[in-house]
Amino acid sequence: MSGRVDSETPAAISRPDGVEASGPQDDTGAAPRTVTEELTEDPLAAADPLADEDGDGDLQDPAEVARRARWTAGGAGALLALAGLAASLLRLTGAASAPVGAAYAAGAAVCALASLLGFRGRTRRALWLMIAGVMVMALGDQFD
């Protein structure tokens, strides 16, 4: 037995009622699918970013998807920049050393640039810049 669906099943492992199994079996009582049956639904349809969320099968406007991506990238970059600036001000006014505050400020500047790029539609570059900015802030936090 090769494990293929179209391979022959020996009589020793056939069904108790004398009918040979023709493919993978399950306990639900459903008839087994044969090789010639087609799938009724597309397994990749749920992973489609342009698929309509309402479920009526219409596609979303690609411009709407791009607009949402721009706002997400721009908003996340702005939020990270504000958080970095706040952390920088707290570190500079506290007992922490100057490189810690400078690292937070540099990370905030990189995130602000990411926000600008995100609002201009360069969402992939904005994502990488946000990652780099947060890494700079985390590296500065290690100096503390």
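Start by selecting M137. Leaving aside residues up to four places away in sequence, M137 touches L80, G84, A103, Y104, G107, A108 and C111. A contact here means heavy atoms within 4.5 Å. Before moving on, note that this is a predicted model, in which local features need pLDDT of at least 70, side-chain atom pairs count only at pLDDT 80 or more, and totals for chains, interfaces and linings use all residues. Residues are numbered from 1 along each chain as its sequence is written, and side-chain values use heavy atoms, with hydrogens and water left out.

**The whole chain**

Zoom out and colour by secondary structure. The protein has three helices and zero strands. From the N terminus, the order is α-α-α. Helices (H or I, at least four residues) and strands (E, at least two) are DSSP runs, numbered from the N terminus.

Now show the surface. The protein exposes about 10500 Å², and carbon and sulfur atoms supply 61% of that. Accessible areas come from the Shrake-Rupley method with a 1.4 Å probe; for residues, only the protein chains shown count as cover. Of the 144 residues, 18% count as buried. Buried means under 20% relative accessible area, exposed over 50%, and partly exposed in between (1.4 Å probe, protein chains only).

How much of the contact total comes from residues 24 or more positions apart? Among contacts with a separation of 6 or more, the share is 47%.

**The core**

Select A81, A87, V100, Y104, C111 and M137. These six residues make up the largest nonpolar core. Helix 1 and helix 2 are the elements that give two or more residues to this core. Helix 2 supplies the largest share, three residues. A nonpolar core is a set of buried Ala, Val, Leu, Ile, Met, Phe, Trp, Tyr and Cys residues joined through side-chain atoms within 4.5 Å. In soluble globular proteins, nonpolar side chains tend to be buried together.

Next, pick S115 in helix 2. Is S115 buried or exposed? S115 counts as buried because its relative accessibility is 7%. Show its neighbours. Beyond residues up to four places away in sequence, S115 touches A73, G74, G77 and A78.

**The aromatic pair**

Select W71 and F119. A search of the whole structure finds one aromatic pair. The ring centres of W71 and F119 are 5.2 Å apart and the planes stand at 80°, so the pair is edge-to-face. W71 lies in helix 1 (residues 62-93) and F119 in helix 2 (residues 98-119), so the pair ties together parts 48 residues apart in sequence. Rings of Phe, Tyr and Trp (its six-membered ring) pair if their centres lie within 6.5 Å; planes under 30 degrees apart count as stacked, over 60 as edge-to-face and the rest as tilted.

Check the accessibility of each partner. W71 counts as exposed, at 58% relative accessibility. F119 is partly exposed, with a relative accessible area of 39%.

**Two salt bridges**

Switch to charged side chains. Side chains of opposite charge can pair when their charged atoms come close. A salt bridge is a side-chain nitrogen of Lys or Arg within 4 Å of a carboxyl oxygen of Asp or Glu. By this rule there are two salt bridges.

Select R67 and E64. Their side chains meet in a salt bridge at 2.7 Å, N to O. R67 and E64 are three residues apart in helix 1, so about one helical turn separates them. R67 is partly exposed, with 36% relative accessible area. E64 is also partly exposed, at 34%.

Now jump to R91 and D141. The closest N and O atoms of this salt bridge are 3.2 Å apart. R91 counts as partly exposed at 23% relative accessibility. D141 is partly exposed too, at 31%.

W128 counts as exposed because its relative accessibility is 57%. Draw a distance to C111, which is 17 residues away along the chain: the C-alpha atoms are separated by 9.7 Å.

I131 lies in helix 3 and is partly exposed, with a relative accessible area of 35%.
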